[in-house]
Amino acid sequence: MKKLFLTLLAIVATSLAGMAQISLEDAYTQLVNLPGMSEQKVESVQLSPGVSISNLQSATCNSGKYAQQFIYMYESLPVVNQLIGANNDREMACAFTEPSDNGTYNVLFLIGEKGGPYVAAYGQTSIEGLEAIRNCEVNMDGNSIEMAVTPTVDVVELVTMEIVE
């Protein structure tokens, strides 16, 4: 009887934890609404020929005062939705995805530098865009992240996201 009760308790806890997961849009909204965050909108960023991230919005804070909020947000997002992640103890960069409407996918990038600027970027892309992000080579240097998208037809597309100070 005790095992049955513990099993039921574990199932309920797992179900509630799954329901408590935050959406990428909510995560972005929470970060962009922090005092001192500045937001800008970009129509689209091309990942490779014919593949882009559209409706891209990004929010930046030019100090490290929100490091804990970014780390908390990172830890609140389901790891199964993470496309890429990099952390070298000075900088962090990660990308998460979730399905959206009409065959598109929401993507959220979290980028930060220890003691420095933090950026959250949110937009939509296609399944091809997800594959381009998933298969990219990530290079972090100073206050920028560079994604070298997998070459197609001997062309390497570079996507750079720079933290503007």
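Two strands count as paired if DSSP finds at least two bridges between them, and strands themselves are DSSP runs of E with at least two residues, while helices are H or I runs of at least four, both numbered from the N terminus. The legends below describe a predicted model, in which local features need pLDDT of at least 70 and side-chain atom pairs count only at pLDDT 80 or more, whereas totals for chains, interfaces and linings use all residues. Residues are numbered from 1 along each chain as its sequence is written, and side-chain values use heavy atoms, with hydrogens and water left out.

**View 1. Strand 2 with its two partners.** Strand 2 (51-61) pairs with strand 6 in the antiparallel sense over 6 bridges. Look for Thr60 here, whose bridge partner in strand 6 is Val119. Strand 2 also pairs with strand 1 (residues 38-48), again antiparallel, over 9 bridges. Gln46 has Ser52 of strand 2 as its bridge partner. The hairpin of strand 1 and strand 2 has 2 residues between the strands, and Gly50 takes a positive phi near 80 degrees there. Strand 2 is mostly covered, with 8 of its 11 residues buried (buried means under 20% relative accessible area, exposed over 50% and partly exposed in between, using a 1.4 Å probe and protein chains only).

**View 2. The largest nonpolar core.** A nonpolar core is a set of buried Ala, Val, Leu, Ile, Met, Phe, Trp, Tyr and Cys residues joined through side-chain atoms within 4.5 Å. Which members of the largest core touch the most other members? Of its 23 residues, they are Tyr28, Leu31, Met37, Phe70, Leu77, Leu108 and Leu110. Two or more residues come from each of helix 2 (24-32), strand 2, helix 3 (67-76), strand 4 (91-99), strand 5 and strand 6 (118-125). Helix 2 provides the largest share, 5 residues. A second, separate core has 17 residues, including Val51, Ile53, Ala95 and Phe109. As background, nonpolar side chains in soluble globular proteins tend to be buried together.

**View 3. Leu77 and its neighbours.** Leaving aside residues up to four places away in sequence, Leu77 touches Ile22, Leu24, Ala27, Phe96, Leu108 and Leu110 (a contact means heavy atoms within 4.5 Å).

**View 4. The buried side of helix 2.** Leu24, Ala27, Tyr28, Leu31 and Val32 are buried in helix 2. They lie on the same side of the helix because they cover an arc of only 125 degrees around its axis (the arc is that of the directions from the helix axis to the C-beta atoms). The buried residues of helix 2 pack against strand 1, strand 2, helix 3, strand 4, strand 5 and strand 6.

**View 5. The buried side of helix 4.** Helix 4 (residues 127-134) has Gly129, Leu130, Ala132 and Ile133 buried. Why are they on the same side of helix 4? They cover an arc of only 160 degrees around the axis, so they share one side. The partners of the buried residues of helix 4 are strand 1, strand 2, strand 3 (82-87), strand 4, strand 5 and strand 6.

**View 6. Asn106 in strand 5.** Asn106 sits in strand 5 (residues 105-113). Is Asn106 buried or exposed? With a relative accessible area of 7%, Asn106 is buried. Its side chain makes a polar contact with the side chain of Tyr122 at 3.3 Å (a polar contact is a pair of N or O atoms within 3.5 Å; within protein, one must be able to donate a hydrogen and the other to accept it, and residues adjacent in sequence count only if both atoms are side-chain atoms). Beyond residues up to four places away in sequence, Asn106 touches Leu24, Phe96, Thr97, Glu98, Pro99, Ser100, Tyr122, Gly123 and Gln124.

**View 7. Pro117 in its loop.** Pro117 belongs to the loop between strand 5 and strand 6. Its relative accessibility is 3%, so Pro117 counts as buried. Between the C-alpha atoms of Pro117 and Glu91, which are 26 residues apart along the chain, the separation is 9.9 Å.

**View 8. Confidence along the chain.** The mean pLDDT of the protein chain is 75, and 72% of its residues reach 70 or more (pLDDT is the predictor's confidence in each residue, from 0 to 100). Confidence is lowest in helix 1 (residues 2-19), with a mean of 44, and highest in helix 2, at 92. Where pLDDT is low, the predicted coordinates should not be read in detail.
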